[in-house]
Amino acid sequence: MLQTARFYLRRARIWAVIGSRTVATNDQILQTPDMLGYNKPLSPSTTKPVVEQSYCLYQNGFESSVKPVQLEDRIQGLFGRSGENVQSYIFQTKTSCDMSVWSYDGSVERERLGKQLITLFTEMREQLSGQGHWCDFVDPLSGMPYHNKTSTDILTECDEDITSFSSSLDLVSIGCCRALQHSDWGFNVFVGVLFTDAPSSDIDAAAKEAKQKLENVLA
């Protein structure tokens, strides 16, 4: 009996020591750097590149033009209204990145320029609508009408009709895809199109005032 009691007492002491060591070992494991690297921060080589440029619609050069719309059926499909007496205002800006290929910097530039162009067109629309003119534009990032939410038609930069709004633009086949090419800037181009029944003088005045406001915001 005495030997049995000593055996169980000794075994209890062993388990107590093992348990305390196990706890200590677990604490040490929690404080030990992850050997497999799961909890380590991404190294500079695995992180996304930092875009240093402060992309702006006007920094590399831009051009715009007003032209009567010849494709009246597209106006009907996009905005649900007659295309008679509607003019297009196309804004083209030279980009820092080649837009015919995908890159992280290019996607960031496209996103920033798209948002700035929406701001510009929104300001123009407010001015022209305040003068009693109809006005709407195509979202440069999605190709969808920005205000007419009932349309199922889209007008993207790879649409053949986009070249009808400017003599400087052409669509070029690149493998199985097409890319927009500017006569002077090549594939470094980003565009947006606004439509309105306002006269050219009112469109130019609205564009000038909207540009000044946008530049003040970006400054």
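**A guided reading of the model**

Guide: Phe165 and Phe195 are both buried residues. The model in which they are seen is a predicted one.

Visitor: Which pattern does the chain follow when read along the sequence?

Guide: The chain has four helices and six strands. Of its 219 residues, 35% count as buried, and residues 24 or more positions apart account for 68% of the contacts with a separation of 6 or more. Read along the sequence, the pattern is α-β-α-β-α-β-β-β-β-α.

Visitor: What is the order of the strands in the open sheet of four strands?

Guide: The edge positions are held by strand E1 (62-68) and by E3, each of which pairs on one side only. Neighbouring strands of this sheet are turned by 20 degrees against each other on average, with direction ignored. The pairing is antiparallel, and the order of the strands is E1-E2-E6-E3.

Visitor: Which residue is the bridge partner of Lys67 in E2?

Guide: E1 and strand E2 (residues 87-94) pair in the antiparallel sense, and this pairing runs over seven bridges. Within E2, the bridge partner of Lys67 is Ser88.

Visitor: Which strands does helix H3 touch where it packs on the sheet?

Guide: Helix H3 spans residues 104-130, and its direction makes about 20 degrees with that of E6. In packing on the sheet, the helix touches E2, E3 and E6.

Visitor: Is Leu194 buried or exposed?

Guide: Leu194 is found in strand E6, and its contacts beyond four places in sequence include Gln87, Ser88, Phe121, Met124 and Cys135. The C-alpha atoms of Leu194 and Gln87 are 8.4 Å apart, although the two residues are 107 residues apart in sequence. With a relative accessibility of 0%, which lies under the 20% cut-off, Leu194 therefore counts as buried.

Visitor: How many Å lie between the backbone oxygen of Trp134 and a polar atom of the side chain of Thr196?

Guide: Thr196 also has its place in strand E6, and with a relative accessible area of 0% this residue is buried. Among the residues that Thr196 touches, beyond four places in sequence, are Asn85, Leu128, His133, Trp134 and Ile203. From a polar atom of the Thr196 side chain to the backbone oxygen of Trp134, the distance is 2.7 Å.

Visitor: Why is the ring pair of Phe165 and Phe195 edge-to-face?

Guide: By the rule for ring pairs, the count comes to nine aromatic pairs. For Phe165 and Phe195 the ring centres are 5.5 Å apart, which is within the 6.5 Å limit for a pair. Planes over 60 degrees apart count as edge-to-face, and because the planes of these two rings stand at 75 degrees, the pair is edge-to-face.

Visitor: How many residues apart in sequence are the parts that this pair of Phe165 and Phe195 ties together?

Guide: Phe165 lies in the loop between strand E3 (135-137) and strand E4 (169-174), whereas Phe195 lies in strand E6 (residues 189-196).

Visitor: Over which ring does the charged end of Arg81 sit?

Guide: Ring pairs link Phe79, Trp134, Phe165 and Phe195 into a cluster. The charged end of Arg81 is 4.4 Å from the centre of the ring over which it sits, and that ring belongs to Trp134.

Visitor: Which residue in the turn of the E4 and E5 hairpin has a positive phi?

Guide: E4 and E5 pair in the antiparallel sense over six bridges, with Asp170 standing opposite Gln181 in E5. The two strands form a hairpin with two residues between them, and the turn residue with a positive phi, of about 65 degrees, is Gly175.

Visitor: With which side chain does the side chain of Arg178 make a polar contact?

Guide: Arg178 is found in strand E5 (residues 177-182), and at 36% relative accessibility this residue counts as partly exposed. The Arg178 side chain reaches the backbone oxygen of Cys158 at 3.0 Å. At 3.2 Å, the side chain of Arg178 makes a polar contact with the side chain of Glu160.

Conventions. Residues are numbered from 1 along each chain as its sequence is written. This is a predicted model: local features need pLDDT of at least 70, side-chain atom pairs count only at pLDDT 80 or more; totals for chains, interfaces and linings use all residues. Side-chain values use heavy atoms; hydrogens and water are left out. Rings of Phe, Tyr and Trp (its six-membered ring) pair if their centres lie within 6.5 Å; planes under 30 degrees apart count as stacked, over 60 as edge-to-face and the rest as tilted. Buried means under 20% relative accessible area, exposed over 50%, partly exposed in between (1.4 Å probe, protein chains only). A charge sits over a ring if NZ of Lys or CZ of Arg is within 6 Å of the ring centre and within 35 degrees of the ring normal. Two strands pair if DSSP finds at least two bridges between them. Axes are lines fitted to C-alpha atoms, for helices over the stretch in contact, and angles run from 0 to 180 degrees between N-to-C directions. Contact means heavy atoms within 4.5 Å. A polar contact is a pair of N or O atoms within 3.5 Å; within protein, one must be able to donate a hydrogen and the other to accept it, and residues adjacent in sequence count only if both atoms are side-chain atoms.
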